[in-house]
Structures are given as C-alpha cells and as structure tokens.
Amino acid sequence: MPSLRLGSIAPDFEAQTTAGPIKFHEWIGNSWAILFSHPDDFTPVCTTELGEVGRRSKDFTDRGVKIIGLSANGLEQHEAWIKDIEAFGAKVAGPTRVNYPIIADKERKIATLYDMLDYQDATNVDAKGIPFTVRTVFVIDPKKVIRLTISYPASTGRNFDEILRVVDSLQIGDRNRVTTPVNWKRGEDVIVHPSVNSEEAKTLFPQHTVHLPYLRTTPLKV
C-alpha cells in the first residue's frame, strides 16, 4: 500500500475500542480527529501521555477535535491500564480521566494500515519479536484528509502543546486566507496568504503590515 502523506484520505477501518466498536470515518463524523499510537500498555512514557490527554480533554473539545488512542494490546489490558493511568495522573498532576477511546490492535492490523510499526528500535518488540508501534500522531480533518503526521520514537513523549498549536494553525488557515509564522501561538499575528493580492488584502485585512513584497502580517481575532 502507498505510504500515507499529507493530503491522503485517512484509511477507514472497523475496530474494538474501550468505548465499544467503531467504524473510524463514521466515528469522526463532521469533527476533526487525532489518532495517536502507543507502543504497549503498562509502559511508563505512554502512561504519562494518556493521562495528559485526558486532563486536557476540554482543550480538544473546544476545538471540535475527537481523540482516539491505539495500542497493540487487547481490551482487557487496556481497561486495567486505564486504572493505572488515572491513579498515577491524579497523584502527580491532578484529577485524571481517560475519557476517550483506545483501540485494541493486538494483531497490528491498524498499525500496519497506518504504517505505525517501529523498524528502528530493536527493543520495541513483543515477546514474539513482533514490532510495537512508534508514537505516531495523525491529525485528520472533517473531510477525512490527513493534515498532519508526526512520528516520535518510542523513548520520547509527545508535546501536546505543539499538537494543539498545529490544530489551531490548520483551523485558522481553513477559515481565513492566512498562514502562521515560526513559533506562532493562538492570538498572535498571522501571515496573509500569498494568494491574496494587494487590493484584496486591504479589504480582508485592513490592519495588515507589509514587511516585504511577499511577507505581510496581520492581527486576526479568533
């Protein structure tokens, strides 16, 4: 199967999850979605990540984003692991609830479909020597188009501030003819898209500043 790229349609699939069976595209509906994989249940880095996502569920909901995790284990293991995640999170960071589904992908079918398997770390394997997944992130828009992919090694926890920052950038860019500069954060000035000519810019972005013929910035209310 060809590799998935930005602009590819996210492959549809059916799966068992901790919230019941799903058909992925149907589950996404008209929302944005983040699919993020985990090498294995009962592992330290993953435990910190899933707790963080649960604590920040409002940040995702406010942006119209549904979250779904994936790990190469069965549902019983997932359910037992969730208890650890919530207990650890409550101990170190405050109330923690894993209130989003985690896909059971023991056979690696979805991990293979999305090319998530680890071919780098020889230690990131199960007892049979079959690779676990790396820490892959897919941001998928309501049209089921892949808008962002990030792959972290199994040893490195993800930065969800950055993932939310990119979601903000994508959504603002879809609603307005703008792009976002280096290290941009929500509420800061954006860049007028190069496709906007000078006359259009005067109407669309009356407060814009021309720094260079090809670089114009403007404040934008979100």
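Q: Leaving aside neighbours within four places in sequence, which residues is Ile-85 in contact with?
A: The model is a predicted one. In it, Ile-85 is in contact with Thr-47, Leu-50, Gly-51, Thr-96 and Val-98, once neighbours within four places in sequence are left aside. Contact here stands for heavy atoms within 4.5 Å.

Q: Why is Ile-85 called buried?
A: The term buried applies under 20% relative accessible area. Ile-85 has a relative accessible area of 0%, so it is buried. Its place is in helix 4.

Q: What makes helix 2 and helix 4 roughly perpendicular?
A: Their axes cross at roughly 70 degrees and come within 9 Å. Angles of 65 to 115 degrees count as roughly perpendicular, and helix 2 and helix 4 are therefore given that description. Helix 2 covers residues 44-55 and helix 4 covers residues 75-92.

Q: Which residues make the contact between helix 2 and helix 4?
A: From helix 2 come Cys-46, Thr-47, Thr-48, Leu-50, Gly-51 and Arg-55. From helix 4 come Trp-81, Ile-85, Phe-88 and Gly-89.

Q: How do you know whether Phe-205 is buried or exposed?
A: Phe-205 has 6% relative accessibility, and because buried means under 20%, Phe-205 counts as buried. Phe-205 is found in the loop between helix 7 (198-204) and strand 10 (209-212).

Q: What does Phe-205 touch, not counting residues up to four places away in sequence?
A: Phe-205 touches Arg-177, Val-178, Val-192, Glu-200, Thr-218 and Leu-220. The C-alpha atoms of Phe-205 and Leu-220 are 8.3 Å apart in space, and the two residues are 15 apart in sequence.

Q: What makes the phi of Asp-115 worth a note?
A: Phi of Asp-115 is near 55 degrees, which is a positive value in a residue other than glycine. Asp-115 lies in the loop between helix 5 (109-113) and strand 6 (135-140).

Q: What is the phi of Lys-144, and how do you know whether Lys-144 is buried or exposed?
A: Phi of Lys-144 is about 70 degrees, positive although the residue is not a glycine. Its relative accessible area is 13%, so Lys-144 is buried, the limit being under 20%. Lys-144 is placed in the loop between strand 6 and strand 7 (146-152).

Q: Why is Pro-142 called partly exposed?
A: Partly exposed is the class between the buried limit of 20% and the exposed limit of 50%. Pro-142 has a relative accessible area of 29%, so it is partly exposed. The place of Pro-142 is in the loop between strand 6 and strand 7.

Q: Which residues is Pro-142 in contact with, leaving aside neighbours within four places in sequence?
A: Pro-142 is in contact with Gly-29, Asn-30, Ser-31 and Trp-32. Pro-142 and Trp-32 are 110 residues apart along the chain, and 5.1 Å separates their C-alpha atoms.

Q: What makes Gly-64 partly exposed?
A: Gly-64 is at 35% relative accessibility and therefore counts as partly exposed. Gly-64 is in the loop between helix 3 (57-62) and strand 4 (65-71). Apart from residues up to four places away in sequence, Gly-64 touches Ser-31 and Trp-32.

Q: How many of the residues of the protein count as buried?
A: Of the 222 residues, 47% count as buried. The protein has seven helices and eleven strands.

How values were computed:
Residues are numbered from 1 along each chain as its sequence is written. This is a predicted model: local features need pLDDT of at least 70, side-chain atom pairs count only at pLDDT 80 or more; totals for chains, interfaces and linings use all residues. Side-chain values use heavy atoms; hydrogens and water are left out. Helices (H or I, at least four residues) and strands (E, at least two) are DSSP runs, numbered from the N terminus. Buried means under 20% relative accessible area, exposed over 50%, partly exposed in between (1.4 Å probe, protein chains only). Axes are lines fitted to C-alpha atoms, for helices over the stretch in contact, and angles run from 0 to 180 degrees between N-to-C directions. Angles under 35 degrees count as roughly parallel, over 145 as roughly antiparallel, 65 to 115 as roughly perpendicular and the rest as oblique.
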